[in-house]
Amino acid sequence: MNPADYDAWYATPRGRWIGNTEYALAMRGLAARPGSTLLDVGCGTGWFTRRAAADGLLATGLDRDPRALDFAHSHGGAACGWAEGDATALPFGDASFDHVMSIAALCFVEDEPRAVAEIVRVARRSFAIGWLNRASLLYRQKGRAGGSGTYRGARWHTAGELRAFFAGLPVRALRVRSAVFLPSGTALARRLEAAIPDALPWGGMLIVSGLKT
Ligand SMILES: C[S@@+](CC[C@H](N)C(=O)[O-])C[C@H]1O[C@@H](n2cnc3c(N)ncnc32)[C@H](O)[C@@H]1O
């Protein structure tokens, strides 16, 4: 999918709801304050990076796809920094950013444990990483048989599999939250979403957050 079409999905009512719901969940895990630095790994067209910058964070988006980065930069991304690079070998020193987030990107990275270790390495305070959840309604709709649309080729995990990625890393207060329980995004789905605790691990997006030790 070309970057313009991908980003346009976030302007649809359902896309905006899913984006904002996932962003809010990531921010809950990061506990980031305006003025702190944030790296968004696998930023794609930069919707989440721009969203964080709008909240006053000094945000940098990193992706390996130059076309996505060009789009990100030229569509309201002047307030952010942009970097081309690989999630498994981040071109930054240890503890370079107060916070690091990544949404629906590591599920496309071949060596996920290495990318997780890299995110933890460059984080100074906290991180929040979002993955697609195999134990979700979204998986039943979009993930089976190799996946459809933008989900094609993605790996889908359970909360237990994700926790295992962090074994042996310098982290504490690891927490798994989930959101987007009813992916239709109808008015009823949104009302129900607000009533479902994010500790229940059946939302389409699972976000693992934690603090750096
Ligand atoms: C589904 S998109 C998600 C983009 C954005 N985070 C969002 O949620 O809108 C996945 C992104 O991960 C990027 N990606 C995949 N493997 C990568 C890698 N090894 N290093 C950096 N980016 C990668 C892709 O280029 C793509 O932009």
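A pocket is an open set of points on a 1 Å grid over the protein atoms alone, where a 1.4 Å probe fits, with protein on both sides within 12 Å along at least five of seven lines. The model is predicted, local features need pLDDT of at least 70, side-chain atom pairs count only at pLDDT 80 or more, and totals for linings use all residues. Residues are numbered from 1 along each chain, and side-chain values use heavy atoms, without hydrogens and water.

**View 1. The ligand in the largest pocket.** More than half of the ligand atoms lie within 2 Å of the grid points of this pocket. Around the ligand are 17 residues (a heavy atom within 4 Å). The closest are Tyr10, Gly42, Asp63, Ala87 and Ile103. The shell comprises ten nonpolar, three polar and four charged residues.

View 2. A ligand oxygen is 2.9 Å from a polar side-chain atom of tyrosine 6. Ligand nitrogen atoms feature in two further pairs: one at 3.3 Å from a polar side-chain atom of arginine 64, and one at 3.0 Å from a side-chain N or O atom of aspartate 86.

Technical notes
Polar contact = N/O pair within 3.5 Å; in protein donor to acceptor, adjacent residues only side chain to side chain. 1 Å grid on protein atoms, 1.4 Å probe; cavity = no way out; pocket = protein on both sides within 12 Å on 5 of 7 lines; lining within 4 Å. Nonpolar A, V, L, I, M, F, W, Y, C, P; charged D, E, K, R; others polar.
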